[in-house]
Amino acid sequence: MLKTHGLGFIYLSLFIALILTVMPLPQMVKLFRPDWVLLVLMYWTMALPARVNVGTAFVLGFLIDVLVGTVLGVNALAFSVVIFIVAVNHLKIRNFAIIQQALLVGLLMALYHLLLFWLSHFLTGVSFLPEYLWPVPIAMLVWPWLFWLLRRYRRQFKVQ
Amino acid sequence: MIVSNRGLPPLSRLVLAALCSAGLMFLDRYTDSSTQLRSYLTTAVSPLFYVASLPESLFSGASEQFMSRQTLLAENVRLKEVLLRQSGQLQRLGFLQQENDKLRALLGSSPVVEGQRLVAEVLAVYSHPFSHQVVLNKGSNDGVTEYQAVIDDQGIVGQIVSVGPTSSRALLISDNTHAIAVRAERTSVRAVAEGLGQWDLLRVMHLPHSTDIREGDRLLTSGLDGRFPEGYPVARVVRISRDDSQPFMTVYAEPYAQLDRIRHVLLLWADSRVATPDEGEQH
């Protein structure tokens with residue numbers, strides 16, 4: 001079970017997701033940018049929970065905190081909580097139809113954004129605007145395509 | 001990352017992660033060491049910003065390559081005209097500066113020191129609504145220090161909050177945690193303008209109902225916060241609502257700087273600050 005293969009490919013996909021997260025975009029488009037790293041993490045946790053888990057989520061969340069400039073640890077905690085839910089239920093989620101999966105991803109994204117807002121509100125007193133939740137429906141739309149792409153990627157490079 | 005593969009059940013990993021995060025949040029928010037820590041981390045991840053801005057810079061570079069000769073010539077003519085107009089104004093400024101220095105000498109107050117400046121390019125703008133920050137391509141190697149004021153061609157942009165050797169991070173005036181001391185140009189009313197986490201709006205705090213302020217008033221830096229040099233434009237008052245049930249007026253202002261599309265900024269050194277002891281005593 002523990003014969004690792006193609007671990008580098010997992011990190012490569014996460015690295016690309018990180019780049020997409022910080023890539024400069026016009027302000028209007030930015031508001032709708034989905035949280036690529038969390039989506040990719042969700043896929044890998046679902047597919048290979050023994051490789052990608054809460055620990056990886058914590059480290060990636062911390063990196064996002066550093067890159068995006070939120071209070072250190074905020075994204076790390078929100079990522080860990082969401083990935084924990086995915087990791088515990090990965091067998092169930094795997095058997096869902098793709099539409100059900102997308103809905104669940106939307107729910108988890110909403111949870112992530114609300115956690116992030118709540119923590120930031122507690123720490124720096126930010127105020128809530130409904131447009132902060134735009135990435136949630138966008139993530140639901142992106143999920144089927146991302147799922148398909150990453151599954152092909154995983155099979156192509158035989159990542160285990 | 002993958003070390004604890006079989007060791008811990010997910011729940012204890014989550015608890016561990018939560019504890020670590022809580023520690024980090026506390027460290028970042030409530031201790032002074034976070035600025036230093038942030039600087040190191042910014043340095044460590046700065047290659048990623050360079051990589052991420054590569055497609056955009058390639059694209060804009062290519063579009064400049066393929067710009068027609070005609071467009072370039074037209075742009076050149078336009079820029080020359082702007083330069084001529086501005087150098088005309090600068091000649092006048094030199095004269096006024098001299099006059100101002102003499103008058104200040106007569107009054108016995110300390111002169112305004114024209115500080116050093118540095119042009120920096122924006123490497124990355126943070127997308128997150130909870131943190132309005134930009135990464136600049138100049139760092140401690142270029143002499144950048146913390147708390148320096150950052151301006152663009154329209155007005156105040158923000159201040160430097162952490163510095164790495166080759167890059168630095170500036171907090172914008174629109175950030176939720178930022179506030180700046182301002183003075184209305186028309187009436188010299190002093191106030192504090194705080195960011196709201198929105199790109200085009202600041203809130204002017206704690207103005208009593210009797211304050212003389214109108215829509216369209218220009219707000220300049222007052223220099224009283226000790227961070228920003230005096231007299232730079234910050235924002236224009238756009239909305240005032242006087243609700244008598246509230247203790248203060250609600251005044252909103254729109255920043256002059258185009259915070260959502262800044263490309264090049266100017267860093268000011270702190271010695272361009274004005275010391276006005278006579279004003280400080282009066283109030």
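Trainee: Hi! At what angle do H5(A) and H7(A) pack, and how far apart are their axes?

Mentor: Hello! This is a predicted model, and in it H5(A) and H7(A) pack at an angle of about 150°, with their axes 9 Å apart. The two helices are therefore roughly antiparallel to each other, since angles over 145 degrees count that way.

Trainee: Which hand does the crossing of H5(A) and H7(A) have?

Mentor: H5(A) passes H7(A) in a right-handed crossing.

Trainee: And which residues of H5(A) and H7(A) meet there?

Mentor: From H5(A) you have A:Val74, A:Asn75, A:Leu77, A:Ala78, A:Val81, A:Val82 and A:Ile85. They meet A:Leu108, A:Leu111, A:Tyr112, A:Leu115, A:Leu116, A:Leu119 and A:Ser120 in H7(A). By class, that contact has twelve nonpolar, two polar and no charged residues.

Trainee: OK, on to H4(A). How many residues does H4(A) have, and how far does it reach?

Mentor: H4(A) has 15 residues and reaches 20 Å from its first C-alpha to its last. That is close to the 21 Å expected at 1.5 Å a residue. A:Gly69 follows H4(A), and its phi is positive, near 90°.

Trainee: How many residues of H4(A) are buried?

Mentor: In H4(A), 13 of the 15 residues are buried, so the helix is largely enclosed by the rest of the structure.

Trainee: How does H4(A) pack with H5(A), in terms of angle and axis distance?

Mentor: The angle is about 150° and the axes of H4(A) and H5(A) are 7 Å apart. That makes H4(A) roughly antiparallel to H5(A). The crossing of H4(A) past H5(A) is right-handed. Among the residues making the contact are A:Phe58, A:Gly61, A:Phe62 and A:Asp65 of H4(A), and A:Ala76, A:Phe79, A:Ser80 and A:Phe84 of H5(A). By class, this contact has 13 nonpolar, three polar and one charged residues.

Trainee: What about H1(A) and H4(A): at what angle do they cross?

Mentor: H1(A) and H4(A) cross at roughly 25°, and their axes come within 11 Å. That makes H1(A) roughly parallel to H4(A). H1(A) passes H4(A) in a right-handed crossing.

Trainee: Is H3(B) well covered or hardly covered?

Mentor: H3(B) is hardly covered, as the count of buried residues among its twelve residues is zero. This helix runs over residues 54-65 of chain B, and its end C-alpha atoms are 16 Å apart, which agrees with the 16 Å it should span at 1.5 Å a residue.

Trainee: Jumping to B:Ser168: is it buried or exposed?

Mentor: B:Ser168 counts as buried, with 30 C-beta neighbours inside 10 Å; the cut-off for that is 20 or more. B:Ser168 lies in strand S5 (residues 168-172) of chain B. Leaving out residues up to four places away in sequence, B:Ser168 touches B:Leu136, B:Lys138, B:Gly139, B:Val144, B:Ile160, B:Ser162 and B:Val163.

Trainee: Last one, B:Arg242. Where does B:Arg242 lie, and is it buried or exposed?

Mentor: B:Arg242 lies in the loop between strand S10 (233-241) and strand S11 (249-255) of chain B. B:Arg242 is exposed, with 12 other C-beta atoms within 10 Å. Not counting residues up to four places away in sequence, B:Arg242 touches B:His209 and B:Met249.

How values were computed: Residues are numbered from 1 along each chain as its sequence is written. Chains are lettered from A and ligands numbered from 1 in the order in which they are written. This is a predicted model: local features need pLDDT of at least 70, side-chain atom pairs count only at pLDDT 80 or more; totals for chains, interfaces and linings use all residues. Axes are lines fitted to C-alpha atoms, for helices over the stretch in contact, and angles run from 0 to 180 degrees between N-to-C directions. Helices (H or I, at least four residues) and strands (E, at least two) are DSSP runs, numbered from the N terminus. Angles under 35 degrees count as roughly parallel, over 145 as roughly antiparallel, 65 to 115 as roughly perpendicular and the rest as oblique. A crossing is left-handed if the near helix is turned anticlockwise from the far one by less than a right angle, and right-handed if clockwise. Two residues are in contact if their C-beta atoms, placed from the backbone, lie within 7 Å. Ala, Val, Leu, Ile, Met, Phe, Trp, Tyr, Cys and Pro count as nonpolar, Asp, Glu, Lys and Arg as charged, and the others, Gly among them, as polar. The expected span of a helix is 1.5 Å times one less than its number of residues.
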